[in-house]
Amino acid sequence: MLLSPESDELMAGSGKAHLQGGENVVLDVQDLVVEYKTAGNQYVKAVSGLSLDLIKGETLAVVGESGCGKSTLAKALMQIVRSKSGSVKFRGESLTDASKEELRQLRPKMQMIFQDPVSSLDPRFTVTQIIQEPLEIWSRGTAEEQDAKINELLNSVGLDPALVRDRHSYEFSGGQCQRISIARSLALGPEILICDEPVSALDVSVQAQILNLLQDMKDQYGLTLVFISHDLAVVKAVSTRVMVMYLGKICEIANSDDLYAKPRHHYTSALISSIPVPDPTATLHTQILQGEPPSPTDPPSGCRFRTRCPAATELCATEEPQLRELSAGQFVACHHPRD
Amino acid sequence: MHKLNQIFQALTKLLLVLVGATFLLSLIVRLLPGSPADFYTNAFNEEDRLLQIKALGLDRNAFSSYAHWIFDLVRGDFGPFFMSGGSTRPTSLIIAQSIPRSLLIMLYVQIVSLTIAIPLGLLTAYRADKAVDRIISTGLFAGSAIPGFALALSLGYFFGVRLQLLPTIGYVPIAEGLGEHFKHLILPVASLSIPLCASYARILRAEIISTLRQDYVTMAVSKGISNSRVLIKHVLRPSSTSLITTASLNMGALIGGTVIIDQIFALGGLGQQITFAIFARQYIALQSYIALIAIAFILFTVLADLLIGVVDPRTRNRNV
Amino acid sequence: MSNFLKVKNLDVKFSTARGLLHAVKDVSFELNSGESLGIVGESGSGKTVLSRATMGLLTMSTAKKSGSVKLEDVELTELTREELRSKWGTEMAIIFQDPMTALNPVRRIGAQISEGPRVRMGLSKAEAKKHAIELLTLVQIPEPEKAMKKFPSQLSGGMRQRVMIAIALACSPKILFADEPTTALDVTVQAQILSLLTSLRKKLNMAMVLVTHDLGVVAGHTDKIAVMYAGEIVEFAKTEDLFRNVRMPYTEALINSIPRITTKSGTRLPVIDGRLPDPTIPLVGCGFAPRCKYATDKCRTEHPDLVDAGNGHMYRCFFPLKVMN
Amino acid sequence: MFKKLNLFSKVSFVWIGLMFFFAIAGKLLPIADPTEYFDVTGAGLFTAGHILGTDSNGYDLLANVVVGARNSLSIAVISVGLGSLIGGILGIAAGYVRGKTDYVLSVVFNIFLSIPNLILSLVLIAVLASSSDPTVPVPDSRRLVVIIASLTIVIFPILGRITRGSTLAWTNSEFVIAAKSMGMKDSQIIKRHIIPNVLPSIYAVAFLGVGIVIVVEGALSLLGIGVGDGISWGSMLARAQGDLEFAPASLLVPLTFLALTVIACNQVGDALRQRLDSRESKL
């Protein structure tokens, strides 16, 4: 824990035990803090002292309820939202210290897709123009090469170029728009694809199509994915590692199967048990979490989840728990983890 | 605490607008070729002329003249009204004589417009897209687009010149007989009210239609209470915010904006004083008139925000 | 009472800019008193229109409605506007999806809850206030007296949803239409609201129609389920029966495509190809045929009827899935 | 696009088209010479040879209205064009850059908007148009330029504020954030995404602006500082004020043309805005 000069509160992060290190770390984040001003111009730490790293080829799911800071984190990883302190490095090159132009040069390496498929496409552009734009800006290849690339991308996301190329976004369904958005994000051949709640606005039957597509694209183009969602069930199949966030901090981070099989943080297990299961014989939710997340303007002292945690003790109020490894690859920030 | 600095920020912005508007005008007005000095000094020799110019305060540069003017304004003195021979009369007198008329006319116009617009807005919204709405809305649309002076001239011609029913010139204060007072004001108030009440009705109609689509109106209906009660208890209040804002903006505009109506009906209100001040190079007086309008504009904007705060608590505690 | 609510051949059409929208096509179902029915469907399936049409609350003036809705043997479609309105609140109530827009933003919570009892049941100001506080306690809102004076914008999503339930129950209705009541809430808050609704239903012996797109929600909280697709009921059964031996391919595909926390990381999810039908284009044959892996020419040309397989399990398919043992 | 509009909009489009036709090809039409005195004065409507009658000194009203259209409309179109350009650029800057620039520009817009249109233009004209000694009349061309300049100053804050609002909405939309994350420079984003999406709302408001300018120009003429002895609807009104009793047509004819044109402009502007909102809501 280091004392940051300006902010009065201890610059407590929940530790760095979970960092994997090694040379194939693609993205390295250290003590990231992102603040924003609310309507009543108070400063709120949407992300307060968060560290993580990504290994090439993994899919890290970032899960949490509304207001936990996951979307802010996504934008901060891309430095579309500038962070107050802490560092984000892509293969050693810092995004946080980069100038506007240096940051711009790094853009093709990391791309993003969004929650509302329709509004992430400019209504005045045809599909060809949408996918061609990144190629044009970075003048990748001749006109013919760009044309071929557009057809290749459309085919790989399961759309027939002949049918779609000359039409506008409002002529497509949500699922199709998301496919176009994915094709655009792959045009520059990025290494990291950040997906901010990509399927939340879609119907169940269409969600599965997009989730499978993202896995195919990852294998085909050797991507590393960051998958932001509020739905633990949706991320299960897609993710290799899952990180659970609460009020701007990490509660637990583990390999996908271990986390669901044996959740060690009380919040993670409450989240899992609240998911409605499509099986009437399943025992109803054993442990319903009471209350709602406190307002981020004045988070509780020590462990932020203690106000709703069934196992909270005096210790939880005084000292913020640090992430520690309870079993291979499973890290929990809790003084009294579930066994 | 932060509610205070929200209000503080809003006030600083409005003050900036007030100072900006008046200073801008004082700069432009000073560009008037043929400065008042030529009009209002009739000394034979240079020395007397300089004395008279000094008396009129015309020797000051732009900034000091503005500073003096602001300093006087704060103390309620609207500055000198230039008279020939270097003497001056307090502009406050002229203001005291013309402002009450403009305020009165503005009040009548607002009352007339709102009393006609609210029922019309409610009716057209409630009967949206039916025959009655289509007819009235087209009429309202045409009404809201007709320029004020076109109405003034045509009404003036028909009722004044052709039918000799109503006087078209002059203003009669209440003291000199209520009947005459109102008779003289029918045409000016009508010319201003028709476009205003038409646009108010259209704003209210659009607002109510969007409120009727909200879930909480369906929720209210699902309680089994009568439609009229739903309309009054649940629909009217949340739909009044943009009407209040527009009405308050118009308050400010009405005071000065009636320049044309003042001129056509020779009412002697602030509008006419402004036109006269421009042609007579009374630029200190002009600054005060414009300041009055800007202050009114700001006053009514703040008033509107307060009223909306009462009507619609969402705006009040937005920081939850 | 059996057949407390009986809907027969209910049909709703809207004339929109893009042509005639046939939102609900000849739907029939029954509900006993105190029973809970889940209506499940994806967007455009007509589930919300069905629930509002049943209650007679279709606000869209361009809607053309036909068919019969009997509540305790009273034919609602033949009632005058006043007679129908007298049923709202005291016999039928509704709660909505979005807690942000479902409460009047400019009136205090207490006033909104006591409005029904005061106007419809003639309670005095004091009686209504007491009744409102009881209701707030019933829906587990902390410090009910303080909550009475608050405005909706001062409450969280979960609290606002509880207030809406309190308003709906104010005149003790016999049936509650819940239109996607927890879709806009976080999963932990959704669990709280769903368990509250189920406990209230049992305590007040109140029937409920729960409209949602989430099969998981209906699985744990309803006695019977109607699955809707393109404006029609395609399968209707008791809840356990529907999940244990599903007959309609669409329902099977829907159940399989729901992401579960038991699927192993990295597996590909089963998919329903194609996209939801455009409601303005009239259907030929079975609505699900273009996306169904068992579809034959017969399915693409003829329109299947709702068939009762005995014990009340009905499906709309020429080639239903085989019954497991 | 045309057939979907309701009747009222169609009529308005046709009327505006007619007015612009007069403005452009006015002189070629088989009408009398507007400056020629005819012996029949104060003639009512449909008198022989003068369909719309004549005014008190015998000018043919139809001719004057047709030629007058050119001045009224040209002043309106030029000042709204300039006003939209200036207001548009400032509005986009305020809406896209936000922060301090937005604060300063908003204050500037509010300053101009707090002074009612008519008074602002009155002061400007009185300043710019009058020569040092009041006896020498100011040449028409200079007066015209001055009126256009002052009407532009009236229009640009209106356009500025509306463009700012629309730019703010588009800047927060996800496809602009996507463009930023693709490494597009701000200038490219503004050129490719902001301007094409903001332009339609500027057109819609520009039409309303034409209406406002025609009204203000008319009012200025009534106050005696309009286009001077040039022919415009406003100046016709000013001249007709004196002898209403004798030649009512000389007032009512230009008045109707002016009022109908303003109503038509507002209706077309309104229709454009509605078509725009419906497309946005389909998004």
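# Exercises on sheets and interfaces

Lys70(C) has Glu75(C), in strand 5 of chain C, as its bridge partner. The model is a predicted one, where local features need pLDDT of at least 70, side-chain atom pairs count only at pLDDT 80 or more, and totals for chains, interfaces and linings use all residues. Residues are numbered from 1 along each chain as its sequence is written, chains are lettered from A and ligands numbered from 1 in the order in which they are written, and side-chain values use heavy atoms, with hydrogens and water left out.

## Exercise 1: the sheet of chain C

Task: in which order do the strands of the open sheet of chain C lie, and which are the edge strands?

Solution. 

Step 1. Strand 4 (residues 63-71) and strand 5 of chain C are joined by two bridges, in the antiparallel sense. Helices (H or I, at least four residues) and strands (E, at least two) are DSSP runs, numbered from the N terminus.

Step 2. Placing the other strands gives an open sheet of four with the order 2-1-4-5 in chain C, and its pairing is antiparallel.

Step 3. Strand 2 (19-31) and strand 5 (74-75) of chain C pair on one side only, which makes them the edge strands.

Step 4. The angles run from 0 to 180 degrees between N-to-C directions.

## Exercise 2: the sheet of chain A

Task: how many strands form the open sheet of chain A, and which helices pack on or lie across its strands?

Solution. 

Step 1. Eight strands of chain A form an open sheet in the order 6-7-8-3-9-10-12-11, with mixed pairing. Its edge strands, each pairing on one side only, are strand 6 (110-113) and strand 11 (324-327) of chain A. From one strand to the next, the twist averages 20°.

Step 2. Helix 7 (residues 204-221) of chain A lies across strand 3 (59-63), strand 6, strand 7 and strand 8 (224-229) of chain A, and runs at about 160° to strand 8 of chain A.

## Exercise 3: chain A against chain C

Task: which element of chain A gives the largest share of the side that touches chain C?

Solution. 

Step 1. The contact involves 40 residues of chain A and 45 residues of chain C. About 3,600 Å² is buried between chain A and chain C, with 57% given by carbon and sulfur atoms. Buried area is the accessible area (1.4 Å probe) that two parts lose on being put together, summed over both.

Step 2. Pro278(A), Pro280(A) and Glu292(A) lose the most area in chain A to chain C, together 18% of what that side buries.

Step 3. Two salt bridges (side-chain nitrogen of Lys or Arg within 4 Å of a carboxyl oxygen of Asp or Glu) cross this interface of chain A and chain C. Lys264(C) and Asp257(A) meet in a salt bridge at 3.0 Å, N to O.

Step 4. Helix 7, helix 8 (232-238), helix 9 (256-261) and helix 10 (266-274) of chain A each supply at least two residues of the side that touches chain C. Helix 7 of chain A gives the largest share, nine residues.

## Exercise 4: chain D against chain B

Task: which residues form the salt bridge between chain D and chain B?

Solution. 

Step 1. Chain D places 41 residues in contact with 45 residues of chain B. Together chain D and chain B bury about 3,700 Å², 85% of it on carbon and sulfur atoms.

Step 2. The count of salt bridges between chain D and chain B is one. Arg202(B) and Asp270(D) form a salt bridge, with the closest N and O atoms 2.9 Å apart.

Technical notes: Contact = heavy atoms within 4.5 Å. Pairing = 2+ DSSP bridges.
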